[in-house]
Amino acid sequence: MINRYFTTFLSILISISAFSQHERHRSMISGKVVSSDKEVVDFATVYLKGTNYGSSTNEKGIYHLYAPAGEYTLVVSAIGYTTVEKNIELKSGERMKENVTIAPQITELDEVTVTTSGVSRVNKSAFNAVAIDAKNLHNSTQSLSDALTKVPGLKLREAGGVGSDIVLSLDGFTGKHIKLFIDGVPQEGVGSSFGLNNIPINFADRIEVYRGVVPVGFGTDALGGVINIVTNKSRRSWFLDASYSYASFNTHKSYVNFGKTLKNGFTYEINAFQNYSDNSYYVNTPVEEFYEGGGSSINTDKIERVKRFHDNYHNEAVIGKVGFVDKKWADRFMIGVAYSRMYKEIQTGVVQKVVFGEKYRKGNSLMPSLEYRKRNVFVKNLDVALTLNYNRNFTNNVDTATYRYNWRGEKISQKGRKGEQSYQDIRSNNDNWNTTFTANYHIGTIHTFTLNHVMNAFHRENKNSVTVDESNTIAKQTRKNITGLSYRLMPSEHWNLSVFGKSYNQFNAGPVSASTSGTDNYVRLKNTVSSMGYGVAGTYFILSGLQAKLSYEKAYRLPTNEELFGDEDLELGKIGLKPEKSDNLNLNLSYNQQFGKHGLYVEGGLIYRNTSDYIYRSIETTSNRSYGSYSNYGSVETKGYNISARYSYSHWVSVGGNFTQMDVRDHVKTTQTGQESLTYGARMPNLPYRFANSDVSFYWRNLWKKGNTLIVTYDNLYVYSFPLYSEVLGAVETKEIVPTQFSHNLAITYSLKKGRYNVSFECKNFTNERLYDNFSLQKAGRAFYGKVRVYFGGR
């Protein structure tokens with residue numbers, strides 16, 4: 001027995017001794033991996049070429065690697081960066097420090113040279129996604145919505161000038177099919193001040209656009225895609241970014257952003273912006289003639305050029321955040337509050353022939369928020385992110401006029417009738433709660449699991465101070481829960497594959513008339529829906545620079561608050577709407593390569609959608625008043641493609657463009673009565689189906705003085721004519737068609753001292769073309785813009 005214990009003890013000593021001898025002959029190499037713009041590169045792969053010795057960088061870009069003494073080639077690679085190789089020599093028992101700087105790969109995307117890691121990672125993901133580097137657009141007069149028009153397959157549709165409602169069209173899907181996020185947080189119910197056409201371009205660091213199939217991490221029910229505005233979260237010393245612009249139609253826009261991060265990690269940041277415009281541009285329209293005694297008539301064949309006279313808009317917003325970064329207990333912990341207010345005069349209804357002279361809307365919003373992010377929580381490689389926000393906003397729709405107006409601004413008495421559309425002074429108190437939780441678990445660099453849950457709750461109460469409306473006594477409510485789980489396999493930089501599933505649940509409650517007239521005896525109707533979706537996305541680099549992407553999703557979209565309840569003014573809701581269901585398929589092929597000073601980027605994509613219970617917006621006329629309304633449509637099929645290309649030469653010139661063709665067609669063969677549908681195979685009305693844009697930019701660097709740059713840019717937008725209503729119903733001579741449009745813009749920007757001082761001038765639609773959108777609402781003609789911007793501090 002003693003001999004056995006002694007033999008075991010001796011074996012342990014020999015093993016420890018051998019291990020110690022082995023360790024003395026091993027060496028360690030460590031260091032930090034950063035990008036050429038001094039940003040930390042996390043999850044980079046670091047290994048010794050031709051061996052099994054390797055590791056990956058942590059969230060601070062640090063790596064540690066052990067290997068026997070000898071001469072090696074150290075290889076560092078990361079998605080979105082060029083691979084770096086270094087010859088090193090490890091000496092027995094010694095520690096070696098080797099920091100590595102890697103350069104982002106350069107991608108020409110539209111009018112921007114994309115070099116940041118975030119942009120490259122999005123472009124190289126398995127999902128059909130592109131990203132726009134917004135930093136190079138900060139000196140322009142563009143809004144976020146303007147920048148998005150360069151994305152293939154995306155069309156922006158506006159109902160008028162500054163502050164007007166906008167509708168996005170992406171690969172055949174429109175409006176509510178496309179969801180907006182800021183830093184991964186859904187923006188449902190935040191108010192019009194934070195609409196894409198009101199947020200200045202300087203607010204964003206980059207803009208990500210996911211078309212069709214959407215990653216689980218967004219936790220959304222978008223059928224058409226996602227637009228994610230990513231702000232600058234890098235640790236910066238004191239900075240100030242301020243700009244002011246003035247434009248035609250008495251338009252004023254300003255923006256200021258400043259903040260600081262102290263050495264102990266304490267940080268604060270303030271964003272503030274405002275927009276103001278009279279929107280007093282000219283439109284071409286028939287004008288109703290008023291007669292003495294109260295009569296009127298309109299000659300639809302007689303077109304007059306008249307100025308919009310009741311379309312003033314202004315909004316103001318401020319966002320403050322304070323917290324800590326780079327602490328042991330949190331990588332980022334921020335408490336914020338956002339306040340905004342708006343005032344909007346309503347010039348037209350949902351169609352241009354309807355004109356108002358006194359109707360207006362106002363509102364404000366207060367939104368506290370919390371953000372928490374931490375990597376390696378509890379266990380290594382487990383990363384979590386949590387966001388919470390509550391939004392209390394009110395909207396006041398006022399329509400109490402006793403007069404009726406025409407497009408010349410003339411008015412006549414309505415003879416006892418009150419309200420131009422519907423007599424009201426209605427205040428809507430809206431409460432929105434939103435929670436987003438995301439957890440990522442990495443097993444090495446090959447396997448990643450993602451769990452996401454989004455909860456959104458909405459509650460609205462109305463009070464009309466001038467009339468008694470029985471429906472206003474019943475609150476309007478929704479609760480939405482979406483949970484997603486995904487797995488990503490990335491065995492190499494050449495290919496990766498993601499599979500995912502989603503669970504959708506929604507509870508709705510609101511007033512519904514139980515009478516045959518539909519105008520009284522309101523009762524509270526409750527409705528609960530749930531669904532399961534799933535999908536797969538993969539990408540493969542066929543050759544260097546040649547990438548293929550394929551994705552499929554069985555997707556669902558839950559009705560939005562506006563579709564369910566309307567806006568208490570010009571939009572009518574329908575609480576009984578069913579979720580949309582769609583099979584989405586995307587195939588994308590892109591080629592990106594640098595040939596010395598020459599850069600080439602070419603991309604093409606095929607899109608297929610088969611959607612049932614399609615939620616369709618149409619125009620409904622009640623008591624000679626027009627409203628937007630929503631309904632489920634049996635089946636809609638979408639087939640289409642888009643192509644884009646860009647060429648650049650050094651830092652001197654960049655030229656490119658894209659073209660989109662989308663066929664969105666009625667796919668209902670028989671009606672509910674069993675008869676053959678007259679509209680089967682016809683295009684869905686009021687949807688642009690063929691459009692394109694192109695641009696060219698010239699750069700003169702170090703002009704007149706080193707560090708100064710002059711940029712001249714020309715761009716255009718082409719939209720082919722499309723039917724306003726069904727193309728197969730009615731006589732040919734009475735069909736209303738939105739005409740073909742071709743607009744041109746020119747911009748000049750001069751930057752001094754490497755972007756510290758900047759001045760820009762732009763002329764939009766310089767040929768003064770007639771431009772139309774959303775049920776033939778006319779947009780502004782030729783307009784001039786000027787902007788000055790200063791920037792101080794770290795970037």
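Q: What makes Lys 411 a charge over the face of Tyr 403?
A: In this predicted model, Lys 411 lies 4.4 Å from the ring centre of Tyr 403, over its face. The distance limit for NZ of Lys is 6 Å, so a value of 4.4 Å is within it.

Q: Where does the charged end of Lys 764 sit?
A: Over the ring of Tyr 785, 4.6 Å from its centre.

Q: How many aromatic pairs does the structure hold?
A: There are 21.

Q: Why is the pair of Phe 181 and Phe 218 called edge-to-face?
A: Their ring centres are 5.1 Å apart, and the limit for a pair is 6.5 Å.

Q: How do you know whether Phe 181 and Phe 218 are buried or exposed?
A: Buried means under 20% relative accessible area. Phe 181 has 1%, so Phe 181 is buried. Phe 218 has 8%, so Phe 218 is buried too.

Q: What makes the pair of Phe 309 and Tyr 405 tilted?
A: Their planes are 35° apart. Stacked needs under 30 degrees and edge-to-face over 60, so this pair is tilted. These two residues are 96 apart in the chain.

Q: Why does Phe 309 count as partly exposed?
A: Its relative accessibility is 32%, which lies between the 20% and 50% cut-offs, so Phe 309 is partly exposed.

Note on methods:
Residues are numbered from 1 along each chain as its sequence is written. This is a predicted model: local features need pLDDT of at least 70, side-chain atom pairs count only at pLDDT 80 or more; totals for chains, interfaces and linings use all residues. Side-chain values use heavy atoms; hydrogens and water are left out. Rings of Phe, Tyr and Trp (its six-membered ring) pair if their centres lie within 6.5 Å; planes under 30 degrees apart count as stacked, over 60 as edge-to-face and the rest as tilted. Buried means under 20% relative accessible area, exposed over 50%, partly exposed in between (1.4 Å probe, protein chains only). Helices (H or I, at least four residues) and strands (E, at least two) are DSSP runs, numbered from the N terminus. A charge sits over a ring if NZ of Lys or CZ of Arg is within 6 Å of the ring centre and within 35 degrees of the ring normal.
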